[in-house]
Amino acid sequence: MYVIIALSIVIFSIMAVTTKKILRAATYLLFALLATAGVYFQMDYQFLGATQIAVYAGGVVVLFVFAILLTHKPGKDAEALTSHKKVQGVLAAVACVALCGFALLSFGRFCLKTLEGGADVPMDTIGTTLLSTGSDGYLLPFEALSVLLLACIIAGVVIARRR
Amino acid sequence: MKLTLLMYLIPSLIMFGCGIYGFLTRKNMIAMLISLELMLNAVDINFALFNRFLYSGNHEGMLFSLFAIAIAAAETAVAIAIIINVYRIAKNVDINQINKLKF
Amino acid sequence: MDYSQFLMMPQEIGLLAVFLLVFLYDTFMPRTTQRALPLVTVVFFGVYIAWAFLPPAAGKCFGEMFEASNATWGMKNILNIGVFIVLLQSVKWTNNDFVSVRRGEFYELILLTLLGMFLMISARHFLLFVIGLETASLPLAALAAFEKRYYESREAAAKYVMTAVFSSAILLMGLSLLYGACGSLYFSNLAFGISAVNGINWMLIVALAFVMAGVGFKISLVPFHLWTADVYQGAPTAVTGYLSVISKGSAAFAFMVILVQVFGTLYQEVWQWMLYALIVLTITVGNLFAMRQRNLKRFLAFSSVSQAGYVMLGVIAANQVGMASMMYYILVYIFSNLAAFGVVMAIENHCGKVTIDDYNGLFKTNPWLAFTMMLAMFSLGGIPPFAGFFSKFFIFVGAASTGSVAIYVLVFIALVNTIISLYYYLLVVKAMFIRQDECAIERFKSHWTERAAMVICVAGIIFVGLASCVYTSIVTLVEESPNLFMMI
Amino acid sequence: MEIFSNILIYFVIVPLLTIGGLALTSNKGIKAIRAVAVAGASVLMVLAIWLVMIFLRERGAGNQADMILTGSWMWYEPLNVKLALGVDGVSVVMILLSAFIVFAGVFASWKMNPLPKQFFLWFFLLSTGVFGFFISIDLFTMFMFYEVALIPMYLLIGVWGSGNKNYSAMKLTLMLMGGSAFLMLGIIGIYFHSSADGQLTMNILEIAKNNAIPASWQMWLFPLTFIGFGVLGAMFPFHTWSPDGHASAPTAVSMLHAGVLMKLGGYGCFRIAIFLMPAAAQSIGWIFLLLTGISIVYGAFSACVQTDLKYINAYSSVSHCGMVLFAILMFNHTAMTGAVLQMLSHGLMTALFFALIGMIYGRTHTRDIREMGGMMHIMPYLGVGYVIAGLASLGLPGLSGFAAEMTIFFGSFQHPDMFHRVLTVAATCSIVITAVYILRVVAKLLFGVVQDEHHRSLTDATWEERLSTATLILAVVAIGCFPNFFIDIIRDSFNPIVDALQALKM
Amino acid sequence: MITNTVLVLVLPFVMFLFLGLAGVKMPRKTAGVLGVAGMLVTTVLAYWVAIDYFVNHPQHEQIIANVDWLNFTPRLVARMGVLIDPISAMMLVVISTVSLMVHLYSLGYMCDHHGHAEKGFQRYYSFLALFTFSMLGLVVATNIFQMFIFFEMVGLSSYLLIGFYYSLPAANHANKKAFIVTRLADLFFLLGIMILTFSTGTFDFDALVGLGNMDASQKAVGTMDGLNFMGIPAVGWALVFIFIGGAGKSAMYPLHIWLPDAMEGPTPVSALIHAATMVVAGVFLIARMFPLYVLVPMAMNVVAVVGAFTAFYAAAVACVQSDIKRALAFSTISQIAFMMTSLAVSADGGKLLGGHEAGLGYMASMFHLFTHAMFKALLFLCAGAIIHAVHSNENDQMHGLHKYMPITSIAFLIGCLAIAGIPPFAGFFSKDEILVACYERGLGWGLWMSMVAGMTAFYMFRIYYLIFFWKKHEVHTEHEPADQPWTMTLPLIILATISCVAGFVPFGKFVTYNGAPLETHINWTVAGTSVGIALVGIALATWLYFKENPKPERMKNAMSGLWTAAYRRFYMDELYQFITHKIIFQGICKPIAWFDRIFIDGFFNKLADLTGNASFAIRRVQGGNTQSYAFVYLLGALLLAAITGVVIVMI
């Protein structure tokens with residue numbers, strides 16, 4: 001199972017950023033996101049996986065598709081990337097990954113930790129945590145997030161208006 | 001086969017790297033945004049992984065991922081709105097054309 | 001479930017109340033009364049400021065996720081003053097034919113972003129911090145795109161949103177590493193976690209660098225600043241003013257809180273030097289770019305980059321004097337920069353001219369505008385007896401109070417840079433006072449709200465320095481905030 | 001308000017009130033503007049003379065404190081920054097000098113055009129800075145006033161100047177600000193080492209009393225402060241703002257700048273650099289002595305080949321101000337007294353020079369000595385004034401320059417070290433070079449035949465010009481004839497410094 | 001007596017101020033008359049002081065009154081005061097007399113042919129008064145610093161008066177040159193004072209030299225024991241430097257070059273300043289410091305050598321000058337050199353020479369100073385009368401004037417005889433004493449100076465003949481030359497009279513180095529020789545120049561190189577020109593100005609340019625492309641981490 005998930009994450013990620021057709025890129029993104037949800041399920045984070053599928057696969061990707069269709073012009077799929085930029089991108093990506101990877105590897109032996117058979121986080125725990133105000137309570141971020149979403153809605157409205 | 005943290009971290013990091021690569025090379029702004037999604041997603045995976053593998057006593061990482069997904073969605077929404085907004089007047093979404101302001 | 005904890009955050013609640021009132025007014029009041037909305041907002045906000053000045057209830061709430069201390073209280077009030085000026089300045093602009101249809105949203109977004117900044121300032125948990133940061137930055141993209149009739153505005157918004165999201169991705173990556181290393185996202189837990197880590201290791205350094213990059217983006221530290229100039233130039237002037245002082249100021253404060261509270265144990269060996277490099281780069285590069293600018297908004301953008309470097313001098317001190325000096329610097333910077341933007345806005349609203357050459361001979365036709373601009377420039381350049389001088393001096397004293405020779409060198413570099421900055425500030429003064437132009441901007445009377453804002457700014461520029469009580473009380477506030485520098 | 005019972009504060013208040021008064025006048029009412037300006041300058045003059053009398057009375061009554069009329073009001077409590085006032089003999093005479101030059105400067109810019117009101121506004125802001133500097137004994141306030149005095153120069157030159165004014169104004173401002181960058185770092189450094197027991201202070205007297213700056217820090221802070229002030233004192237090689245700046249500045253500004261502002265440099269050098277850091281002054285003072293020695297000779301030689309009147313005087317100022325710094329670095333009573341006398345003398349005489357040059361330029365519209373000649377025929381009053389200024393400059397007995405230079409030379413030559421004495425001899429040689437360039441100008445400009453026939457129709461000085469120059473000439477003669485009066489005031493002020501330096505030698 | 005002396009000083013000063021400030025408001029003549037009146041009172045007072053002193057103070061002690069003027073240190077105080085002793089009393093007389101004569105004479109001289117006073121008449125009298133004040137102040141100086149001050153002051157008045165006709169380029173150059181050269185000398189004077197006072201710690205003459213014995217000087221020199229610079233004792237440096245100061249004023253070689261040019265001033269001024277009074281300031285200075293010089297043989301030898309050489313050099317140049325004022329100027333130089341030499345030869349090896357006549361040279365020098373002032377003033381005033389009559393300085397414009405101006409001619413002749421040392425005229429007595437002193441020092445010195453004395457006679461008579469005889473006068477101007485009005489003639493007569501009788505004053509009784517009377521008697525061997533030589537000189541001059549003849553021309557052609565060299569004053573002016581223009585101006589000033597512009601200025605401008613260029617160079621970073629922004633951002637973050645990590649790990 002792990003192999004499938006890992007491979008699909010890697011492959012779809014790469015394809016999402018290398019394909020020349022923008023709509024396909026969105027599709028590969030969808031697959032990569034779904035594979036991510038697979039990781040969450042493997043970790044026994046059912047709720048997280050479900051959210052991932054609902055929000056990302058169901059919401060964001062659809063948003064992308066709409067946006068692509070809105071801005072899409074037939075025959076302009078092909079992206080001509082200059083080689084200079086490609087090298088730059090590869091270099092930056094590799095350097096970043098290398099640095100993060102090196103940092104992780106060098107941090108003791110914790111990379112070799114294996115999965116302890118943790119249990120699923122029950123829904124009611126999540127609900128309680130989100131609404132509790134004490135230590136490890138997430139009421140405030142939750143409220144703040146709602147403010148953020150409100151702000152984004154207003155922002156969206158402002159931008160979307162014709163005038 | 002024991003699944004170690006590293007084995008999960010590698011795809012996540014590759015995802016992040018792909019995101020960076022895409023963001024730096026894609027001409028189409030929506031494609032750049034897709035790359036950004038990859039980056040954000042990779043971070044979410046990290047949080048979940050660390051929580052599960054190392055600190056399974058609490059749920060901070062998982063909850064962070066949860067919130068991050070919401071934030072990412074909001075970001076995407078605003079970004080897409082703005083891209084479309086630009087598209088309306090510039091009639092394209094090529095990032096290389098969006099450079100009237102410089103020096 | 002102790003909801004009374006919300007009472008620990010009166011400023012945020014008050015702000016939310018103002019937002020709601022404005023929102024309701026915008027939504028439900030008849031169309032004919034909408035023109036009054038800006039003023040209503042200003043009045044509401046004014047009342048709110050008075051409320052926000054009520055003595056603070058210090059302490060942590062929501063399981064140490066949110067902290068209200070004297071320092072945060074002071075910082076928020078400083079920001080409030082700045083926002084008040086911005087609101088006042090934008091009254092005329094929001095009432096013009098092109099923008100008026102969206103004016104309610106303008107004020108709502110401003111208030112919401114301010115709320116986000118407050119959360120950033122008070123957050124003692126990275127989740128809350130990130131949400132605050134996003135709340136403070138995402139709507140700004142919409143604000144940058146506010147002038148729909150100009151392409152530049154839209155381009156600015158696009159650039160802003162792309163880089164902002166990229167930057168937050170990097171920030172989150174850093175946070176994930178941090179979480180991986182320490183297992184918590186509470187500041188206090190993280191601090192102990194970091195001090196528990198043996199020696200210095202790459203994980204923490206990378207995390208730290210990414211966090212610095214992410215927050216440095218908001219403060220526009222070099223090399224994370226590149227969006228600044230383009231966005232400042234393209235965005236509507238009111239928004240630029242807001243971005244340059246409020247957004248930057250709040251991020252700087254939050255930055256300092258994170259650095260000293262979370263990474264405090266890494267101060268001596270690690271982030272002092274990282275910040276050192278950033279400051280040198282920021283001040284120098286900002287200055288070098290500013291020298292050549294002809295567009296005043298772009299010019300002020302680079303000047304604000306360089307000013308951000310000076311603000312960071314307070315952070316690098318990592319002590320109470322440094323923090324107080326930084327807050328004071330931000331306050332003074334608010335007055336000075338908003339005075340400059342006020343003039344730019346008044347002139348832009350009148351005739352749409354924004355380049356330095358357009359200002360030639362301004363003193364002959366509009367002496368008061370020129371005078372205000374001159375004071376702003378002198379204050380930014382650090383010329384006594386204006387407030388900018390005091391703030392510069394105190395920030396240098398703050399930095400030097402660490403006593404290390406390296407910091408003295410840093411102060412010296414900063415001082416040398418003040419010469420360059422003085423050069424370009426004087427260019428503006430030169431244009432207004434010395435240059436003559438046949439087709440100078442004709443004499444006009446700016447809107448009373450703009451004038452009122454300028455008067456406040458000028459009063460601030462003149463008296464915030466001379467009246468020592470401001471700085472003294474800021475120092476007192478910082479000194480009364482417990483445990484700020486526990487980890488240093 | 002206790003602070004208002006101290007006469008010193010009025011030296012700041014009066015210019016500020018004048019500024020306020022000017023702000024109230026209308027742009028058109030030239031009479032009112034002049035009246036306010038003259039009133040302000042006269043009150044300052046009266047105050048200055050009164051201050052001298054108070055000083056003499058105090059000293060006469062046996063008040064031997066280092067500073068008199070001291071007062072201190074907390075300003076920035078967290079940093080222990082105070083508004084600390086106090087004067088000793090040196091500051092008293094410097095204030096007197098400033099008052100004289102402000103007074104003369106107002107009359108010299110009688111017909112200032114355009115924007116007379118703004119001109120006087122900036123002019124009095126500049127003098128606020130100058131007076132504030134001299135009455136303060138707190139590093140922070142001193143530095144603040146110092147910068148207050150610098151910045152109006154930019155606009156004064158830029159708006160009302162002539163020639164290549166943009167370049168000059170910018171160069172002057174930036175270089176002086178560069179100097180003050182050094183200075184600010186020095187002051188911050190001093191502040192953080194001002195006390196051994198934790199209570200940091202900016203008060204000069206307390207810092208000197210604590211004497212807590214470690215020698216290793218002094219080695220850095222002394223050059224910083226000395227260069228900082230040295231830039232304003234036109235020390236080689238930081239003098240290059242001076243010729244351009246003076247050449248472009250309007251008359252009264254040149255007067256005030258060369259006459260008073262450059263003195264801030266010398267004053268600051270001993271009041272801050274040497275007084276607070278005697279150990280470093282002892283050990284590395286010689287480097288600066290060398291530089292100032294070069295200034296003296298270099299400025300004089302440079303002046304010999306200039307053709308623009310203002311350039312000549314600017315280089316001459318480099319030479320003379322170099323002498324001030326030179327003497328200050330000799331660390332004995334006589335030389336330092338001479339330095340202050342030289343400040344007085346150079347201030348007055350150079351102000352006189354610039355006033356006269358301005359008046360001549362206002363008539364002939366040229367400052368090139370090759371295009372002028374025989375001015376003595378045409379404008380005898382100005383001509384005689386110029387000769388007197390020149391003679392004062394080349395150190396003729398009976399005029400101020402002589403007393404000052406002699407005190408410097410004899411004082412410097414008392415130095416027990418051969419290196420210092422040899423430098424003194426070199427510096428002394430400048431009196432001949434000075435004679436050369438002064439006489440060259442006098443011969444070309446005033447004597448000889450009229451070069452330009454148009455000049456024949458020019459008029460001599462008007463009453464306000466006469467008043468302006470006569471004031472200065474009288475002051476020059478007074479110092480030249482009765483130097484002891486000034487020396488008595490000045491001399492004892494150096495007791496603390498010299499004692500500190502002596503104590504180090506023991 | 002002190003009061004009177006002070007009055008003598010104050011009166012001219014008041015006249016200076018009064019005429020200078022109020023002069024323009026009054027008629028020209030009134031100013032002149034006022035000036036003369038003031039001077040007359042001054043003269044009377046001065047005589048009174050002198051007579052009072054010599055009569056009432058037979059011990060010839062010093063009378064001193066001081067006020068503090070400038071306190072350098074509590075110990076080293078520059079004072080202002082009056083000191084009356086034999087030489088200052090004598091000088092008071094000399095100065096006031098000559099000054100009065102010149103004042104009077106100028107009333108006529110400074111007028112055009114219609115008797116109208118020239119423009120600037122008031123200024124002229126004001127400056128004359130200033131000069132008189134300065135010169136009187138110089139001679140009564142109680143200390144070396146006061147002396148220095150008045151050295152400067154006389155320099156100034158000389159400058160102002162030489163440049164009286166300031167529109168004339170020549171005058172304009174001459175006064176500049178005079179001031180600068182004397183200023184250069186004064187620099188050395190000042191350095192000398194500085195060195196001297198460095199260890200003695202006093203300026204006062206009574207402490208430095210005292211009077212009557214060498215004790216004070218011994219002590220002063222004693223304090224400087226062991227101080228050396230470059231192997232030469234400090235006191236030697238000090239005295240040589242002070243001598244240079246005096247040499248500048250007294251136009252000793254090679255600092256003499258300003259004096260001939262100074263003749264551009266009005267002739268009465270030349271008579272007063274550049275013949276009779278100011279130029280002897282140097283001699284007076286050495287005389288004042290005499291005991292010190294005696295104790296330092298090295299310095300004394302310098303004085304002697306310079307004096308002897310200058311005497312010869314100036315005499316040689318004077319022999320060929322065609323401008324009568326210049327010729328007289330060189331004669332002045334030569335005569336002053338006589339006085340210098342005379343002072344210097346009176347001591348050798350730290351002791352006075354001459355046994356019971358010790359200090360004869362000193363006395364002779366002062367005597368010569370006195371007589372020379374009178375007859376040289378006479379000669380100049382005569383020259384002035386001639387120039388006023390023919391409007392030229394050149395002797396080829398004169399010739400044969402004896403017929404037209406008999407009084408002037410006779411007065412001039414008396415002057416010539418006096419200077420040539422023919423008995424019984426004044427010069428004979430003083431010069432004789434000088435020569436005696438020289439022979440006492442050594443035969444070589446005596447012979448050398450005798451030869452110069454002969455040359456003196458020759459060139460004086462050469463001038464005399466060329467002016468008044470040689471050939472018939474050709475009238476060039478509208479007026480025939482004639483004797484001048486009484487204001488000009490009266491001074492000639494008075495001075496001629498003094499020149500005739502002054503020699504019989506028993507000078508040794510009054511003026512000696514230690515105040516004790518010195519019995520002098522004429523040494524007939526020396527006197528005979530010198531008179532003989534003088535007569536030979538006169539005869540030679542008569543033979544060559546009395547009547548027009550081709551002999552001078554032939555001589556000139558025969559020794560054309562020498563003649564031209566002498567005529568061009570042995571190229572000293574050219575040398576100075578070269579040094580000042582080529583070396584100092586072109587070689588130092590110009591390069592420094594260039595350096596200032598290119599390097600110092602250039603450095604700061606370059607700095608500004610560099611900043612500007614840097615600003616331009618990095619503008620590409622801000623290229624407008626969001627992706628490159630992100631790239632830089634990422635790079636920044638990574639580098640920040642990587643560099644910090646590497647550095648920390650390394651450390």
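Among contacts in chain A between residues at least 6 apart in sequence, what percentage join residues at least 24 apart?

Reply: The percentage is 46% for chain A, counted among contacts between residues at least 6 apart in sequence; two residues are in contact if their C-beta atoms, placed from the backbone, lie within 7 Å. This is a predicted model, in which local features need pLDDT of at least 70 and side-chain atom pairs count only at pLDDT 80 or more, while totals for chains, interfaces and linings use all residues. Residues are numbered from 1 along each chain as its sequence is written, and chains are lettered from A and ligands numbered from 1 in the order in which they are written.

Chain A has six helices and zero strands, in the order α-α-α-α-α-α; helices (H or I, at least four residues) and strands (E, at least two) are DSSP runs, numbered from the N terminus. Its radius of gyration is 20 Å, well over the 15 Å that the globule rule gives for 163 residues, so chain A is more spread out than a compact globule. That radius is taken over C-alpha atoms, and the rule is 2.2 Å times the number of residues to the power 0.38. The C-alpha trace of chain A spans about 55 × 50 × 30 Å along its principal axes.

As for the partner, 68 residues of chain A are in contact with 59 residues of chain B. On the chain B side, the elements giving two or more residues are α1 (5-25), α2 (29-53) and α3 (60-90). The largest share, 20 residues, comes from α3(B).
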